[in-house]
Amino acid sequence: MTLLAVARLEWRRLLVRPLAWVLAALTLAWLAWNFTLLLGNFLAGQIQRAAQPDGPGFVDLVGVPLLGQLAQLAFLVVPLLGMSVIAGERRNGTLPLMFAAGVPASRIVLGKYLALLGWLLLWLALTLMMPLVLMHATHFDWGKLAAASLGLALMLATLAAIAVACSSFASHPAMAAAAALVIALALWSVNLGAQLAGINGGAINWLAMSSHLQPLLRGLVSSADLAWFVLLAALALALATRRLAADRERG
Amino acid sequence: MTTIVPASPKTVLQLDRLSRRRAGRQAVRELSLALKSGEVMGLLGVNGAGKSTTLSMIAGALRPDSGGIQLNGEDFLEYPELARREIGWLPERAPVWAELTVEEHLDAHGRLRGMRGSNLRQARTAIIERLELQPLARRLAGVLSQGQRQRLGLACALLHRPALLVLDEPANALDPVQVAALRALIREQAAAGTAVILSTHLLAEVTAVCDRVAILHEGTLRHDGAVLADDHPALEQTFFGIAMNGSDKAQAA
C-alpha cells in the first residue's frame, strides 16, 4: 500500500508542476503539426499507391513515423520530467520524511517510477489518438500499430527507469537530466561506428537501443527485444534502489 | 481494603550505546537513553553536539553505525516499519513538498503511514482544527512562512497519533503566542501518554515543558536528569559548564 501512496504523491506533484504541462502542450502541438504534414503527404500519394496492392498503408506512412517523432522527443522529455523525482526530494530535504515513515527504498523508487511512467503512457496514448481518429476512414494495420506502440511503451519505460536512476545518483536535478540524456543518447547510438564499418551483429549492436526498437516499429515482435528493454529498466531501478538505501545508511 | 496502584509508565524508547559517524567525524558516540510514556525529554547541546543526528536515528531516517534502538520493546533497527505507526517526527526546518496544499500534505503523510479513507479524513480534520490550520488548509505548502511550515510539520507528526513524538527544534520561527500554544500541545500529548523527545537551544523551553533533560556535547551524553519548574539557574550552570569545559563540574560545584 505504501507503494501506491508514494506513486500517488509523485503523480500529484507531477500534475501541479508547470514543467509537465508545458512539455505536454509543446510536444503534443509539435506532434499534431507533424501528423497533419504526414497525413497531407499520405493523401497526396494515395493515387500512385492505389496501383500497388501490397504498398505501404496509413499506419506505415502516418502512424509509425508519428511514433518515431515521439521517440525522438522522448530523449529530451523523459530526462526533464524525471530529473527531480529523487534529486529534487534530496535537495528539498523531504526524502528523510519517507525513510522516517518506514517506506523501503525499493518502494520509494518503484512508486516514483510508476508515477513517471503513468505520465509518459498518457502522453503516448494522446499521441496515438491522432492516427486512431481516422481508423474508420482508412485501411488500418492494427498489428503493426500495436507492435510499434508496444515498442514505444517499452522505450519510454526504459528511459524513465534511466531517468529515475540518474535522479537517485545526482545531487542536483539538472545534473540528473544531463546524465539521463547522455546515457540515453549513448544507448541509442552506441553501434553507429560498427554499422558504418558494415558490422551488423555482435555485442555492440545488441547493446544499442535502436537495434531493439526498429524491429518493433516495423511490426516484428521478438521476445529477445522485449527482454532487452525489461532487463535494462530492471537494472536501472535496482541501481536507483541501491543508491537510495545507501542514502539512508550514509545520511 | 485494596490499594489501587497506578500502572507504571512503560518504556517507549530505549537507546543502547548508539553511535554514528557523519561528515567525517563521530557525531554520536555510545549514547544510551530511555524514555517512558508520558515523559517529555529535552535534548540540549551546542551546534554540532549531535542532537539532530540522534533524533534522525530515533525517527528512522538515519541508520546508526552501531548500537540498538528498542521501540515499545521491539527492535526498531530490525523492523524499521515500526516507525510508520509509532513515531511522529518533525525534522529541523520542517521540509515540505512545495507542490501540495496543506490538506494534501496531511493526506500524503497519512497514506505513507498506512492510514486510509474515513480514518484519515477524521484525523486530518481533527489535527487541522487542533493546530488552527483552517485558513491555510488549501494553500500550497511552498508559499507558507517558516512558522506556518513548522506548524504543518507538527500536524504531520501528530496525524497518526504516535506513541513517540520526535521534535527537532519545534519552536523555530514560531512567534511567542505560537510558542505558548506549542508548549500546551506538548504537555497535552504527554498527558495522553505520548513520549516526547525534543531538541532545542533554548534553556527556557526545557524548563517550561520538559520533565527530563539530556545534554549532549561532542556526540556524548554528559548529563541526564530531572527538570524542576524553578530549576532554570541550575540548568543554565550545568549547560554552560558542559558547553565551555566539556564537563558538568559546574553542577557538582
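1. In this predicted model, α4(A) and α8(A) are roughly parallel to each other, because the angle between them falls under the 35 degrees that sets the limit for that description. Helix α4 of chain A covers residues 58-82 and helix α8 of chain A covers residues 142-169; they pack at about 10 degrees, and their axes lie 9 Å apart. On the α4(A) side the contact includes Val59(A), Gly63(A), Val64(A), Leu67(A) and Leu70(A), and on the α8(A) side it includes Leu152(A), Met155(A), Leu156(A), Leu159(A) and Ala160(A). Sorted by class, the residues of this contact are 17 nonpolar, three polar and one charged.

2. The largest nonpolar core comprises 150 residues, and Ala160(A), Val164(A) and Ala180(A) have the most contacts inside it. Helix α8(A) gives this core its largest share, 16 residues. Which residues does Ala160(A) contact, leaving aside its neighbours within four places in sequence? They are Val78(A), Gly82(A), Tyr113(A), Leu116(A), Leu117(A) and Leu120(A). Val78(A) and Gly82(A) also belong to the α4(A) side of the helix contact described above. As a general background, nonpolar side chains tend to be buried together in soluble globular proteins.

3. Phe99(A) lies in helix α6 of chain A, residues 95-100. Is Phe99(A) buried or exposed? Phe99(A) has 25 other C-beta atoms within 10 Å and is therefore buried, the threshold being 20 or more. Apart from residues up to four places away in sequence, Phe99(A) touches Arg248(A) in its own chain and Gly60(B) and Ala61(B) in chain B. Cys166(A) is 67 residues from Phe99(A) along the chain, and their C-alpha atoms are separated by 20 Å.

4. Between the chains, 25 residues of chain B are in contact with 23 residues of chain A. On the chain B side, α1 (51-59), α2 (82-86) and α3 (102-112) each supply at least two residues. The largest share of that side, four residues, is contributed by α3(B). Its residues divide into 13 nonpolar, three polar and nine charged.

5. Chain B has an open sheet of six strands with mixed pairing, in the order β6-β7-β8-β3-β9-β10. Strands β6 and β10 (220-226) of chain B stand at the edges with a single partner strand each, so one side of each has no neighbour in the sheet. From one strand to the next the twist averages 15 degrees. Strands β3 (residues 40-44) and β8 (residues 195-200) of chain B run parallel and are joined by five bridges, with Met41(B) opposite Ile197(B). Helix α8 of chain B, residues 232-245, lies across β3, β9 (212-217) and β10 of chain B, and it runs at about 15 degrees to β9(B).

6. The pairing of β6(B) with β7(B), residues 164-168, is parallel and extends over four bridges; within it, Ile87(B) stands opposite Leu164(B).

7. A further open sheet in chain B has four strands in the order β2-β1-β4-β5, with antiparallel pairing. Its edge strands are β2 (25-36) and β5 (74-75) of chain B, each pairing on one side only. Strands β1(B) and β2(B) run antiparallel and are joined by eight bridges, and Leu18(B) is placed opposite Leu31(B). Helix α1(B) packs on this sheet, touching β1, β2 and β4 (66-71) of chain B, and its direction makes about 125 degrees with that of β1(B). Helix α1(B) is also one of the helices that supply residues to the side touching chain A.

8. Most residues other than glycine have a negative phi. Arg17(B), although not a glycine, has a positive phi of about 45 degrees; Arg17(B) is placed in strand β1 of chain B, residues 11-22. With 12 other C-beta atoms within 10 Å, Arg17(B) is exposed. Arg93(B), likewise not a glycine, has a positive phi of about 65 degrees and is found in the loop between β6 and α3 of chain B. Arg93(B) has 16 C-beta neighbours inside 10 Å and counts as partly exposed.

Key. Residues numbered from 1 in each chain as written. Chains lettered and ligands numbered in written order. Predicted model: local features only at pLDDT ≥ 70, side-chain atom pairs only at ≥ 80, totals over all residues. Axes fitted to C-alpha atoms, helices over the stretch in contact; angles between N-to-C directions. Parallel < 35°, antiparallel > 145°, perpendicular 65-115°, else oblique. Contact = placed C-beta atoms within 7 Å. Nonpolar A, V, L, I, M, F, W, Y, C, P; charged D, E, K, R; others polar. Core = buried A, V, L, I, M, F, W, Y, C linked by C-beta atoms within 7 Å. Pairing = 2+ DSSP bridges.
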